[in-house]
Amino acid sequence: MAVDKATVRRVAHLARIRVDEDHLAPMAQELSRILAFAEQLAEVNVDGVEPMTSVTPMALRMREDVVTEGDARDAVLANAPLTRGGFFAVPKVVE
Amino acid sequence: MTALNALTIAEARDGLRRGDFSAREITDACITAIDAADALNAFVTKTPEKALAMADAADARLKAGDAPAMCGVPVGIKDLFCTEGVRAQAASDILRGFKPPYESTVTRRLWDDGAVMLGKLNMDEFAMGSSNETSAYGPVASPWRRRGDNRPLTPGGSSGGSAAAVSADLCLAATGTDTGGSIRQPAAFTGIVGLKPTYGRCSRWGVVAFASSLDQAGPMTKTVRDAAIMLQAIAGEDAKDSTSAPIPVPDFEAALTGDVRGRRIGVPKEYRLDGMPAEIEALWAKGRAMLADAGAEIVDISLPHTKYALPAYYIIAPAEASSNLARYDGVRYGLRAELQPGDDMTDLYERSRAEGFGAEVKRRVMIGAYVLSAGYYDAYYLRAQKVRTLIRRDFEQAFDAGVDAILTPATPSAAFALGEVGGDDPVAMYLNDVFTVTVNLAGLPAISVPAGMNEAGLPLGLQLIGQPWGEAALLNDACALENAAGARPRPGAWW
Amino acid sequence: MLDLAHDEPTPKVYAGLTGDWEVVIGMEVHAQIASKAKLFSGASTEFGRGPNENVSLVDAAMPGMLPVINRFCVEQAVRAGLGLKAKINLRSVFDRKNYFYPDLPQGYQISQFKHPIVGEGEVLVDMAPGVARRVRVERIHMEQDAGKSIHDLDPALSFVDLNRTGVALMEIVSRPDIRGPEEAAEYVRKLRQILRYLGACDGNMQEGSLRADVNVSVCKPGDYERFRETGDFGVLGTRCEIKNMNSMRFIQAAVDFEARRQIAILEDGGKVDQETRLYDPGKGETRSMRSKEEAHDYRYFPDPDLLPLVIEQAWVDAIEASLPELPDDKKARLIAQYGVTEYDAGVLCADRAAADFYETVAHGRDGKQAANWVINELFGRLNKQGLDIGDSPMSAAQLGGMLDLLANGDISGKIAKELFEILWSEGGDPAEIVAARGMRQVTDAGAIEAAVAQVIAENPEKAEQAKAKPSLSGWFVGQVMKATGGKANPQAVQALVKAGLGIDE
């Protein structure tokens, strides 16, 4: 499926990646190429085939309800670009 | 005597235990070699002081007689592994300056065994690439060159720094990760051994995620024996990774008898590609002959859905990546773009991610968002996961029919020059993974073993694919191939 | 087990200018699972910590961090399902719901989209004795809570606290079976009651342990019945979702406001926009949440960091065997066993601890009398002082002991109230208090006769009047009671006064 500029704009926003207006067209072309490559899958008969949800057939591991982590505010904040009083800080969000 | 940095893990282990040399001496030799090899751009973060301190600690353990196999062995770590207090950026600008306050399980296990960390190794950004050209640190130059040609070659990717460093004897071994071939393809391009274990064999905890259902860490070493030793150290169940398997870890090195008599080695006809270079075809034939000479039985098999592995992979991996990489948002760590007055949260996200991600990562994240988006999920993602089921079924049927392992070329060509492949066609680069991605989709173990040289003097690798959890037998098959192929190829030092 | 017969309540009808309207309500209730640690990390769920103090590296979505599920949380989801008589799905799948928000560190919420752990169940919502609404539950799934963004601490910045991030929630999704503002509030009340009985959720709405998203639409009489026949949502009106309601009173007010707002729009010839709204308790209004208007495309897909959740039927059976008696069953049993009214049974069962308290009091005693004292005196006093049953200064044994004294005729009803006061404020053993303080009522006829004779002798005029008009004999009873310090048995006094005055029965 060919991807147009509007689709690139929509997907770029979904992925929260700014794409300049003049890059939309080349990006559309690249994405179209990749998707065209993926089109081959349409040839495969997948009737009655279960999609793979886990490559290893094993049971999901569960842990006990015990507090083992946390209380590490400084480690959690150590790499943050901006903090205030123990909080992460971001530009104001309007709800 | 071999230069200490050129030792294998096994040689170092034995020599250290005998007291022929100290861990500090090997580490010194590696640090010297690393400093002389900046032209390769393999190490992106060097940790010599840490290395020497770890070496001294290893020497103390050796003296005390408490020395696991990896004790005192200097290794390089792919930048994808989180290493406590040492930069881990996944070769991306978006993680600029990120110092994890934690250690990945795989590296933790190495350090617990006394291995020595030399530093962090270059790679494709977020492990997305097959040539190391997508790295924010710039490409790695392979230690190999074509005969009579000074153009820099790719060491492959994404574990290009690891492959170059091991091949050039900057370290004794390195960690790699393999999502679609990122251990095996660069191993093949640089004449070393690269093992992708069964999915779930090594913990993914603390390894920056690319595509969670495909990612596996593994050893990149100079010999098959070294791969066995290093896998032993890093493998095993981890309560912190829900996908790590509660399966016992056997003694891999003990399995290395080199005796493959009676083993049935399948050769899948679907791996014979139109337009495949003659040298690859010849290499494959040679591999079949070597294993047959060693007493294995070579059988033709069919893996009918092979052709669809690459397109399925290039749906599934980007889909998972688009979600896995959503956390790089400029809020809690890494790069936050300079904002203009009045910019809001959306600007912060969009600018930070536009500045922080390179072109290939952006492409894959956007493809991933697209194939998961409303109206396209069934046609792309769901269908790809069904095809994945079929691909795994192909392998299961082959194994059920009595095949013990499968022999294929590791790559469709020898190493290419930097800038030679890709350009404005991303798919051309993706084709590099054609022989390797099937294994990731099916969760199987596979190993790339250097098996010959091409006319230009570049190493070529063969791939052996094993049964789930069958690394021990697989390593032994690889051992037979290695024995037949002779001494490991070494690049002439030009750097 | 007794099942109480009930009638369905009539839906709330709004009289509009163009005729009658009805309201249709469906709810998504987010109940915090009462676990110590979070759903996928080992960080504490403790309420009220300083910013980012309950945050693990997993919660902060540090690179390479992975989720591992908390078994207790799975068990509580199963318990909740069983408590709502729902189907338990032995295989469920965790999906990622992808969107960007500052308090969502992973960039996705781990939830269960296509394959939830619990399927269809129901909640019986009591509206009045003999009247209840059966609300179908569509599903329950587990998911992670998000963190908290604080917007009013800085003029230019929002602050992000991840303490709540990753806390385990159950989302309980109802069918649109709720038909009025009061029913909406009662639905949440009943759900909360069941979850508290099960111990799956503490139900603390102030702390956000239970929040509801309320979907409201309006339609014409008859439309809803057609919807129930056909399952076609098209016959219902466009719905609005009122987000994050954490009080029954507000839910009731918000639904009422929202129904009227929608009716006004429709009667004006307008169209209701499908949107997310917030309730402003100060103004008593709902308003549109502009920031959420952007069309979402959550790109759900199975979380590749987790395997499908497969549980054993044997485990489900064991959980089922460990379930406590639930409110509906308990209520029916109290009616049958203790002869209390349905209304009283409902009050007693509101809280498991209260019902247990009652049963301890009622055991081997007059159940109705016990209910009167527990509800009117004890609950009344607890409510007045804002106390929970667990904080009651008076134990069930004390109250029971008091009722025994009353039943034996050792104390009068009036003295019992005094004794209640003493037990409430001072504590102690009821029988010992009565003995020590001389509160035992006088039943010795001789002593009472003497007192009666004395009062009559001292008030000859009044005695003459009373003989002529027997209704005045009450004054003598009062005087005798006073003279005996209130300890005389009132019935005995009454009889002896009449005898002393020569009044025939």
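1. Helix α2 of chain B, residues 23-35, has 13 residues and reaches 18 Å from its first C-alpha to its last, close to the 18 Å expected at 1.5 Å a residue; the expected span is 1.5 Å times one less than the number of residues in the helix. Helices (H or I, at least four residues) and strands (E, at least two) are DSSP runs, numbered from the N terminus. The model is a predicted one, in which local features need pLDDT of at least 70 and side-chain atom pairs count only at pLDDT 80 or more, while totals for chains, interfaces and linings use all residues. Residues are numbered from 1 along each chain as its sequence is written, and chains are lettered from A and ligands numbered from 1 in the order in which they are written.

2. The buried residues of α2(B) are A23(B), I26(B), T27(B), A29(B), C30(B), I31(B), A33(B) and I34(B), where buried stands for 20 or more other C-beta atoms within 10 Å of the residue's own, exposed for 12 or fewer and partly exposed for values in between, with C-beta atoms placed from the backbone. As background, an α-helix has 3.6 residues a turn, so residues three or four places apart point the same way. The buried residues of α2(B) pack against α1 (9-18), β1 (43-46), α3 (48-63), β2 and β3 of chain B.

3. L170(B) has its place in the loop between α5 and β4 (173-178) of chain B, and it counts as buried because 30 other C-beta atoms lie within 10 Å. Leaving aside neighbours within four places in sequence, the contacts of L170(B) include C30(B), A33(B) and I34(B), as well as N5(B), F43(B) and G76(B); a contact requires that the two C-beta atoms, placed from the backbone, lie within 7 Å. Although L170(B) and N5(B) are 165 residues apart in sequence, their C-alpha atoms are 6.3 Å apart in space.

4. An unreviewed UniProt entry carries the annotation "active site" for K78(B), S158(B) and S182(B). These residues are spread over 105 residues of sequence but cluster in space, the largest C-alpha distance being 11.2 Å. Some caution is in order, in that UniProt positions are given in the numbering used here, feature names are shortened, and annotations may be inferred rather than shown by experiment.

5. K78(B) lies in strand β2 (residues 74-78) of chain B and is buried, because 31 other C-beta atoms lie within 10 Å. Not counting residues up to four places away in sequence, K78(B) touches several residues, among them L121(B), M123(B), S159(B), G161(B) and S162(B). S158(B) is found in the loop between β3 (116-121) and α5 (160-167) of chain B, and S158(B) is buried too, with 36 other C-beta atoms within 10 Å.

6. Two strands are taken to pair if DSSP finds at least two bridges between them.

7. For chain B overall, there are 15 helices and 11 strands, and 66% of the 495 residues count as buried. Among contacts in chain B with a separation of 6 or more, residues 24 or more positions apart account for 77%.

8. Chain A has three helices and three strands, in the order α-α-β-α-β-β along the sequence. Its radius of gyration is 22 Å, well over the 12 Å that the globule rule gives for 95 residues, so chain A is more spread out than a compact globule. Of its 95 residues, 31% count as buried.

9. In the interface, 33 residues of chain A are in contact with 42 residues of chain C, and β3(A) gives the most to the side of chain A that touches chain C, with five residues. Four bridges join β3(A) to strand β10 (residues 157-161) of chain C, which run antiparallel, and the bridge partner of F88(A) in β10(C) is V160(C).

Conventions:
The radius of gyration is taken over C-alpha atoms; the globule rule is 2.2 Å times the number of residues to the power 0.38.
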